Structure formats: structure tokens, C-alpha cells
Amino acid sequence: MLAATAAPRIDAKKRAVLDPRKRQFAKAQYAECEYSHRMNFYTTPPTGDVSLEEFEEWGIARLKVLAELEACQFRNKSPAETEEYMKPVLDKYMRLSSTGARSGEAGQLERKRDHYSHWTLRLAFSSTADLRQRFARLEAQLFKLRLQHDNATERKEFIASLPMSWEVVGEEEKRLWLDDLKAATGCRRDDDESWFKVEWEKVPELVERRQCLLKRGKAYVHVREQLSMVVNEFSRTLESGLELAARHLPRLDEDNRLGPILHHLSQSFVAPDAGYSESSSIGDITVPTAASIDGLSQHFPLCMQNLHRELRKNSHLKHFGRLQYTLFLKGIGLSLQECIVFWRKSFKLIADDKFKSEYLYNIRHSYGDVGGDANRRGRGYTPYSCQKLLTEAPPSAGQTHGCPYRTYSPDNLVGLLQSVGVSDRALLQGVREDVGKQRFHIACNRVFEHAHRGSLKKVKDENMWPASELDTILHPNTYFKRSFLLKNLGNVRSGDLGVVGGDGVGTQESAAGAGEL
Amino acid sequence: MEDSDMTDAPAAPLGNEEEEQVTDLPTPQDATAGASTKLEDMFGDDSDDDDDEFSSSAPARPAASSQPDPQSAPAPSKPRYAEPDTLRQFYSRLFPFRPLFQWLNHSPTPQPDFQNREFAFVLPGGAYIRYQSFASADLFRKQCIQMTPERFEIGPQYSINPRDRKTLRKASAFRPVMKELVFDIDMTDYDPIRTCCSGAAICPKCWQFITMAIKVVDAALREDFGFQHILWVYSGRRGAHAWISDKRAREMDDTKRRALANYLVLVSGNEQGKKTGIKRPLHPHIDRSLKILNPYFQTDVLADQDPWHSAERAEKLLALLPDKTLTTALQKKWDSSPNRSSNQKWSDIDTVAEAGNLSATFTAKQLVEAKQDIRLEYTYPRLDAEVSKKLNHLLKSPFVVHPGTGRVCVPIDTRSLEDFDPFSVPTVTQLLQEIDAWDAEHVGMTEEDRAKVQDWQRTSLKPYVEYFRGYVAGLLKAESAAGKRGREEEGVAGSESMEF
């Protein structure tokens, strides 16, 4: 502000906007917001400056939270369980402190992050109806979760600040209608005797169930309904806001800096992205060899088991299947030499010459043994994550790569699962439902949790692994690693495999995972 | 020939109407002449209005063309009031098009409220033609006179003119935006509890059920929802419709309509003895309704309907009482002295209960509640709620002739609701005779004086039309006042809200 008077050049930004369509920004052009409440209704878009990195980073952090929230929902966690599960996640990615606990700079920054990341994702997820619906549902859940966490006074202040047209029922009016109010709202003896009134159109659900008193078009609602009303209002405004954003998206005045970020973000929503980290290998526990792959394949996720079976059946895999599988094997700690041996032996119908000329190079390239400087320095490609498998082009005839949960028809998928020994009826039904809702990675996690339910319980009960090690699995190599560790729980602990348990590895891994994002 | 005439009639676009006005305005035509002009129109249409050329998805067409037999068959056995000639007379001389237009338009000058509103015609042959719309009251009148629909129904105002719906690239752009909130109460829903008649028949005894229903629903709409412009209309045979024209009611979406309908629905007609699980303490709306209904329960239900007189009917009552000890005691008592009236049986419940025939777990309070439930079951309005829940539901217009009875669907004045007698509602044939009778009576009048008295004023339709005009005048007044206020507010808020 002061700078503006001193340096007239900046005034250019503050010039009156002549285009009436842009007038919405006229008032708050490039202004930082003051956040007086912990919670935010996200009615005004942010107008302050933000770096591209922050723009993306904050978006990703929020995305993580939403993905975890969705995972809770799809596993039928109770509200209490969800709350417990989400608390560390929220603290890690999107801390929001109460006004009392931490005000000033840090608190404001947290709120700014919250505000900006919401609007970032709003842009990213407004493109299709499907994404909009999902985003609105999850945001509403997050909003509710936080609102419940808010302390009573702050919540009251926040709700009072909302642009909702409710009015507290005054003492006189209350006395006049007390019996009716009590009868209508099912207010019990020990309940709070306070009500507020709104237009009845705001609370159609309560009207429908006859749970409010109606007087000349006003609904008298008990305070206990207030929370759900706020949440309803939140989703309503968000949904209409998303519709609006969707309509404006094609005309976004954009210079190719935001586009890729937004695209990436909405892509990651298919399955949250998870980076691969070295520690997903079991190289430090036991050294996998070409000969041990057959034995280890029981711990593979379905996508890799499927490739392995196809390979054994046909003694061949097509290019993308080979690539996917090779990278996975690299990820579990199979050395280049062993990997070459593995493929050589597996392709037993192929002559040595042909193998050398057509296949060897690709394997070495994947490991970064050959190829350009960048490839070598990066030690080849990183193993594919679930997100990559779920978004790449689906396999055509003869190809077997990708995620079977996505590429197989439900009936074939169930057949495949049964053939690898998954036969629990309830589990298969759950998988069918997940797949029907396109929650492919949730289906995969469901199978995993069922297969290891015993040891998982033990791990949880004895608090052997940190919570981050029990997150939703988002990478085939994580799947393998956990599966392997859980199956060898006793051995690992007693040191038979020469390792000190998952602890150190786990934290390291999750830190690495977050870093790679 | 008559066939094609009906199926193609909806194609008549607004654009052609001016031409028509010149060609066939005042000449009263007989049926064939009318049909031939329509054919001309139809051929004229196809040149400039090609929306029928590609798609045949309009609901009216397949429905009309799939059943050509009933169209030609029933013609000879038609009652007089359904004859095109009678209907043409009715539409041209008696039907109050102007107030109806104002009622639907909410303003004296045509606006989208009326112009984009769907009308559906049911033609004498049984053809059902949807998506008609009219630019003005006169054009609407003309088409009615020309097509002589047996009845027509009123639908919502659409986002665009319903006649242009097929010119849209996106089908989703054609959606209903506004309609009066409507209710339908039909006597058939009362069949499980009325003893006097069943099905389509009614008598003064069971009309009382409709009276009760109107009172309860009207009270709830006014007191709870604050609606003021409620028009009750006799449906022509055995029920009543309500049209609520408050702006707030008209603009409700389906969610709100459903919520409101379910707020009012307590007992449904189909499943007898269906326990709705009425919560205690009673919701103030139920409580008020019960207070309104109590006197009717004594006189109209217990005395007039006598619903539990015979032994097997009394079983229904016993089934509604939840206490086994009480029901066996009552059963015994009624077995030993049959022929007790419903009134006696109703008071027997209390006497037997007081004599100690109650289970230990069943309190006197529960008995009071059970009796309340029974009273509600036998008196509470039974709404055909589906009609109210959808914005795009069509409902028969007021003042049309009921094709089965010939009675005009007149509005019911709720101030003298008890005096409304469905059997004294004039039929269309009666009304036409009344005009003739009036003419004969006033032979001595000069032509000039005679012209001052319009046709409808010469008949017993007069009080109903006058009531309707008064009602519509009130609506328009409120509407223009609200419109002014709304515009002022918009002027203030407009600067910000227009941004998006």
C-alpha cells in the first residue's frame, strides 16, 4: 500500500478495470486476505500473489488429505475411526491451528495455504461432472471434520460470520411457542432450549421429516441441526461454484504455466500419486535372484502376478508388459545381471541371438545401464506407480500390462483373483463394488488387507509399524514390500533375514515418498 | 382424415396464427370445416417449421398414432357434453380465458410465465397432445375453439418456448422452470375407509372427506408455509385440486416440492392400516389437524360412514388397536351384542379399557395415542402426493369440462367450503340451456343492453367466474407489488451479483 503511493508504476495494476467481466476482482486486486477464522467457507477466490511452486505444492498436500479421506470412506470406517485416522494426516499435510493456539504469521500462513489450495483444486477438478461431484463430496467431508474439531467458541464465531440468513429465536417468541417448538423439534428435557429460524426452503430435509416448526414460511430449527445445515450449505455453494468454474475453465486466461499443473493434479486424483523409493526394495533383507522370483511372486500385487503368470504361460511378454515388469523387478531389488538371467530363462523359446538383439538392450536401458546421459545418471526409469498404471493407455489384444482391476471386466477379474487363490465371497463382492465405482486401488488394497488380515492386526495391536506404513498402498512395489514383510513378520523380527524391523525403513520411505511428489 | 388431423395438430406454430386470424376469426364453423382449415395450416407449417421432419420422439405422436381405434370408435356413443359442437360453444361463449390467462401469467401483459408454458390437450378422440404454448390469451382461445379439446392440462413454464424445444442443440437446455404448487385429492384413495360408495362414485356423505382434507391442507399451507394465493378447484367428479400461485411456491424445485408434499402426507390410500409411526409428542401440524378433524370424526365418520358396523369391518378397528387384552375383551363384547354402531364401538374402547382390560405394559397414554392414530387414519387428508412432487407434472385446468360427468371444474370458495355441493355444479349442457333460457326471458331487451351481459353472466357459472376473477385480481395485485419491490432490491444488489 505504501509502496503504491511512493512508486506510481505499481499503479498500473490498480487501474480501474474497464472490462465489466473482470470487475469482480476490482475490489480486492492482488490483495492478501486476512483470515480471522480457522475455518473457511471459500466464498471468495484468493487474489494475493503465490509462486507456482506453492500453487502446486499446496494443491498436492490438499489432494493427499482428500485421498486419505476418500480411502476412509471406501473402507467403511466409522466417523470416529475416520477422525482418528485423519488427525495425523491432517497435521502432516494441512495443519490448521486454532486462533488461540497459534495466531500471527504462522497461523495466517496455514490458513492461506488452506484457502489457496482449495481454490487450486477447485480449478483442477471442475473439468468433468464426475470429478466435480467427488471433489465436492470430499471437501464437504473435510469441512465437516474440521468444523467438528473446532473449539466451541471459534465455531460459534465462524458460524455467526457466515452469510446465512438465520436468526436466533428471541426469548419472547420462544416463550410464546415453547410447547410447539419442543414438540416439533423433538427436544428432550435435557436438551438445549434454543432455536433459530430460517426460510423453510433452506432445510427441506427437516421439513420433509417434520422435524422443525413451521410458521408462515419460517422454519424453527433446533440448534443441534445447525452443524449439518452449515455443512449442507457449504456443499451447495461449492457445487454451484464448481459448475461455474467448469463453464469458465475453457476461457481461462492462462499462459501455459497453470495448465499442466492443473492437469497433473486432476490426474493424480484417479489414484493419489506415490513415488517409488529405493527402500521399497527388499535388497537389504534378502537378495532376490532370478531363481527366487517364482517364489516371491506370491507377494506380488495382482498386476505383477498377472504378468508373471502370462510370462510363464507363453514364455513371452509384449513390450509394455516387459517394461512394467522389469521396472517392478528392479524396484524389488533384483540386480541387472539377475534380471537379464531371469528374462533369458523366461523367454525360453527365443534364440540367444534374437534375445540379444531385440530384448537385452531394453532391459539394460530400464536399469540405466545404456542410453543417454540423463537415463544413465537417473539409473533408468523408476518403477511404475498405481497412478501410472491406471492412467496409461489400456492394453490391446495380446497385451497384459496395466492394472487388472481396471483392465479386466468384473467377471474376468473375479476369475483371475480366484485363480490366484482369492476366493472369499464377501471380499470378491467388495472388489466388485469398488471396481464398479472405479476405485481400483481401493479394490487392490482390500485384497491386500484380506490376505494379511492376521498379521496386520498384530502389527497394529503391537504398534510395530508407524501409521504411515499402514497407509493405503499406491505403488506395486510398496504392495510387495509390505506383503513380504508381513508374511515374514516373525523372521524379520528375530533377525533371521538380517533386518531390524520396518521402523527405520518406514519413516525413511514415507519421507522419500513425500519428497518425490 | 380425422386421425391425421389430430396427430399433426401440434405442429401449428405461433408464427402462423396471424394469418389464421384473418382467415377464420369470427366464423363459427362446423366440425368438418374446422378440420379442413387445420389441414391447410398443417401443410403451410411444414414449409417453415421442419422440426417434425427428423425426430418422432415427441410423446404426443406415438401415443396418438398407436391407438387410432378408440378415436374413431367412441364417436357415436358420446354423451352430449363431450361433442365437439357443445365444447366449441362452451369454449367460445363461456370459458373464462382472460382471467385464466392472467392467473397463469401473473401480469396483464403476456410474459414468459404464460408464453413458455406447456398446455396439453386431450382431444375428443382420446389423442393427447403435449407441448402446446400460446403467445396470448386470444391465440389460446382460438386454438381451443378450433380443436375443441375434451379437457386440457396445465404444465410448467419452460426455459424456452415448448414449441421450439426440438430446435435446441442440447436437450438439457429445455427444462421446466416454474409452476404453481399443486395438490390432488382423489376420493379413490378413501376407498378403504368409506362405506357409502367406491371407485368413481361419490355422495354427499363422502364429499365430507374432501371438505376435511381441504380444511387441513389449506390451514397447513397458510399457517405453516405462509402461502396466500391458494385456489381450490373441484375436479369435476370426485376430488379437488389445489393451485398455489405464490411466487415462492411457483419457484420451488423438485426437492422442495417433495419435502413439502411429504410434510403433509401422513396416510396413504393404497395400503390399509399402514402404520406411519406418528411420533410423539405430536408435531404441531398434526396436532392442529387433529383439532380440525375431531368434530368431523364424530359426525361424518362415526355417525354417517359407520365404518365398523358389521363384524368383519369391526375387525379393522381391532387390528388398529395394539393391545391384545383389550382387543379380545372388545371382541367378546361385540360378539355377544352384534349390531352395535361405530359410535358405540368407539366409546366401548374406553369403557372396556377402564374396566381393567388392559395389559400391564399398555398404559392409558398409549391408548390415547392409539385412538389418535385411528382418528387420523380415518380423517387425515389422503393426498396423491406424486402430483405435487414434480415441477413438470401436468394437472387439469380449472373451468374445463369433466368428460365423464359434463360438470365444469369450478373453483371452490374456501370461505364457504361447507356449502359447496359437487352435485349442484353446473354441467356444460345445462349452462348452454341457461343461455337460451336467459335469452328467452329477456326478449324485450335492446340489443345494446343485451351485449352488456356476457354469455357467462347469463348462467349459473357466474358466481364461480366472479370468484375466480376476484382471486386472480388479488394475485395480480400482490404480484405487481412484489415485482416492484423485487426490482428495487435487484437494483441495489445487482452491481455485485451480476458478476458471475
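Predicted model: local features only at pLDDT ≥ 70, side-chain atom pairs only at ≥ 80, totals over all residues.
Let's start with chain B. Its fold is built from 21 helices and nine strands. The chain runs to 500 residues, and 52% of them count as buried. If you look at contacts in chain B between residues at least 6 apart in sequence, 72% join residues at least 24 apart.

Now for the inside. In soluble globular proteins, nonpolar side chains tend to be buried together. Here, the largest nonpolar core takes in 175 residues, and the ones with the most contacts inside it are Trp103(B), Phe121(B), Phe140(B), Phe152(B), Leu221(B) and Leu260(B). Helix α10 of chain B, residues 204-224, gives this core its largest share, at 11 residues.

Setting aside neighbours within four places in sequence, Phe140(B) touches a run of phenylalanines, namely Phe97(B), Phe114(B), Phe119(B), Phe121(B), Phe134(B) and Phe152(B), along with Leu100(B).

There's also a second, separate core of 60 residues, which includes Phe342(A), Phe448(A), Tyr479(A) and Phe480(A). Tyr479(A) and Phe480(A) are also among the buried residues of helix α24 in chain A. That helix covers residues 476-487 and reaches 16 Å from its first C-alpha to its last, close to the 16 Å expected at 1.5 Å a residue. α24(A) is mostly covered, with 11 of its 12 residues buried.

Key:
Residues numbered from 1 in each chain as written. Chains lettered and ligands numbered in written order. Heavy atoms only, no water. Core = buried A, V, L, I, M, F, W, Y, C linked by side-chain atoms within 4.5 Å. Buried < 20%, exposed > 50% of the residue type's maximum accessible area, 1.4 Å probe, protein only. Helix = DSSP H or I, 4+ residues; strand = E, 2+ residues; numbered from the N terminus. Contact = heavy atoms within 4.5 Å. Expected span 1.5 Å × (residues − 1).
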